[in-house]
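Trainee: Could we go through this model together, one question at a time? I would like to see how each answer is reached.

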Amino acid sequence: MSIRYPLATTTWDDAEYGALQDVIASGRFTMGPQVRAFEEEFAAALGAKHAVMVNSGSSANLIALAAAVVNPGVDLNPGDEVIVPAVSWATTYYPVHQLGLTLRFVDVDLDTLNMDPELVAAAITPKTKAILAVNLLGNPADLVRLSDLASDNGLILLEDNCESLGATLDGRSAGTFGLAGTYSSFFSHHISTMEGGLVTTDDEYTYQAAVSLRAHGWTRELPAENLIHPKTGDLFDDLFRFVLPGYNVRPLEMSGALGRHQLAKLPELVAGRRANAARFVEIFGGRSDVRIQRENGASSWFGFSFILEGRLSGRRADVVKALGEAGIESRPIVAGNFARNPVMGHLRAEVPESLPAADRIHVDGLFVGNHHYPIPGELELLATAIDGV
């Protein structure tokens, strides 16, 4: 069966292909002026002071968290707890463990699919030092309440906004409510730079630490006057001084050039997704056999999720089969209840005895794609396929 309703499609046109050729002609392939320009434009578009580009959204999570750990103004150290939602992608969790921190799982709200603030409040212990919120499938979490919880309890708030570029809450960009926010520009996301990700922050130390950590933990890209480590003024020494336990997650110059063109299209891309979402809600919002995601703020609608209920409860395999036969690609809702994955045996984590909402999502959840162009026929095909189960 040919694919009639794909999960993701390209957002490139001649501008992006031209940008690639321009970089090839320049002879500069590792990060350079195009990456720096994209970072500045990205930060400005989201209303953040700084942005740091890396090679993926997964790396963005690692760098944001590592920058917080090394920040002397942030009380976050190995052994401390970080509250995380039970439903997210693997690389929300791995950096927490890899940096010596402890994951403290909380359940999500079955309607928004995001972490339940009341459960977050109840999960805070004397060891808790951070909340890592995830804005799932384009939908902002309750970032105002989570910000208040963090402030009231002396915690930091970080946002994994990799699926939700272009979403807003109370007129503010998702990803900008906490100490740092992360974004992905992988092919299937709102903008695509082949591979890529970014960290935004308003905190100067976090920004400079992210710049250093991105490339070996050295001082090379830091300004002459910086907060990480003083430069000597000797160029040879300043290019090869290692001051933080860093990584090598630098982006390509091609990705920066692509990002500049993609960012210019972001309002139009999100508007197209939101128009499709309005039709999706019309078709599926009143059904008794599926529960769809309830929008919080202004979602950028990464995809369209279903939790199967009523006659379809427990029949996800049947629904997936019917969608496949109709040429519709589908996936689980991110990674379902991540605490059910075998990798948990390797992670330092505190998991509640019960995660009922995450379990429902794990068993009865799936999502299909959304796109920047109109998809009325695809949505009708989707409804027909589900009706036929």
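Mentor: Gladly, and a definition comes before anything else: helices (H or I, at least four residues) and strands (E, at least two) are DSSP runs, numbered from the N terminus. This is a predicted model, in which local features need pLDDT of at least 70, side-chain atom pairs count only at pLDDT 80 or more, and totals for chains, interfaces and linings use all residues. Residues are numbered from 1 along each chain as its sequence is written, and side-chain values use heavy atoms, with hydrogens and water left out.

Trainee: Then where is the place of Arg145, and which residues is Arg145 in contact with, leaving aside its neighbours within four places in sequence?
Mentor: Arg145 sits in helix 6 (residues 143-152). Contact means heavy atoms within 4.5 Å. With neighbours within four places set aside, the partners of Arg145 are Pro117, Glu118 and Ala121.

Trainee: Does Arg145 count as buried, partly exposed or exposed?
Mentor: Buried means under 20% relative accessible area, exposed over 50%, and partly exposed in between (1.4 Å probe, protein chains only). The relative accessibility of Arg145 is 28%, so Arg145 counts as partly exposed.

Trainee: Which residues does Val35 touch, not counting residues up to four places away in sequence?
Mentor: Val35 belongs to helix 2, and it counts as buried because its relative accessible area is 1%. Val35 and Pro251 are 216 residues apart in sequence, yet 7.7 Å apart in space, C-alpha to C-alpha. Beyond four places in sequence, Val35 touches Met53, Arg214, Pro251, Leu252, Glu253 and Gly256.

Trainee: How do helix 2 and helix 9 pack, and is their crossing left-handed or right-handed?
Mentor: Axes are lines fitted to C-alpha atoms, for helices over the stretch in contact, and angles run from 0 to 180 degrees between N-to-C directions. On that basis, helix 2 (residues 33-46) and helix 9 pack at about 35°, with their axes 7 Å apart. A crossing is left-handed if the near helix is turned anticlockwise from the far one by less than a right angle, and right-handed if clockwise. The crossing of helix 2 and helix 9 is left-handed.

Trainee: By class, what residues does the contact of helix 2 with helix 9 have?
Mentor: Pro33, Gln34, Val35, Ala37, Phe38, Glu41, Phe42 and Ala45 of helix 2 meet Glu253, Gly256, Ala257, Gly259, Arg260 and Leu263 of helix 9. Ala, Val, Leu, Ile, Met, Phe, Trp, Tyr, Cys and Pro count as nonpolar, Asp, Glu, Lys and Arg as charged, and the others, Gly among them, as polar. The contact therefore divides into eight nonpolar, three polar and three charged residues.

Trainee: And which residues make the contact of helix 3 with helix 4?
Mentor: Helix 3 (residues 57-70) and helix 4 (residues 90-98) pack at about 35°, with their axes 9 Å apart. Helix 3 passes helix 4 in a right-handed crossing. The residues in contact are Ser58, Asn61, Leu62 and Leu65 of helix 3, and Thr91, Thr92, Pro95, Val96 and Gln98 of helix 4.

Trainee: How many residues of helix 7 are buried, and what covers them?
Mentor: Helix 7 (residues 204-214) is mostly covered, with nine of its 11 residues buried. The cover includes helix 2, strand 1 (50-54), helix 3, strand 8 (180-184) and strand 9 (197-201).

Trainee: Why do the buried residues of helix 11 line one face of the helix?
Mentor: In helix 11 (residues 356-364), the buried residues are Ala357, Ala358, Ile361 and Asp364. They line one face because, seen down the helix axis, they fall within an arc of 155° (taken from the directions from the helix axis to the C-beta atoms). These buried residues pack against strand 11 (303-308), helix 10 (316-325) and strand 13 (365-369).

Trainee: Last one: which residues does Phe284 touch, not counting residues up to four places away in sequence?
Mentor: Phe284 is in helix 9 (residues 253-284), and at 0% relative accessibility it counts as buried. Beyond four places in sequence, it touches Val290, Ile292, Phe306, Leu379, Leu382, Ala383 and Ile386.
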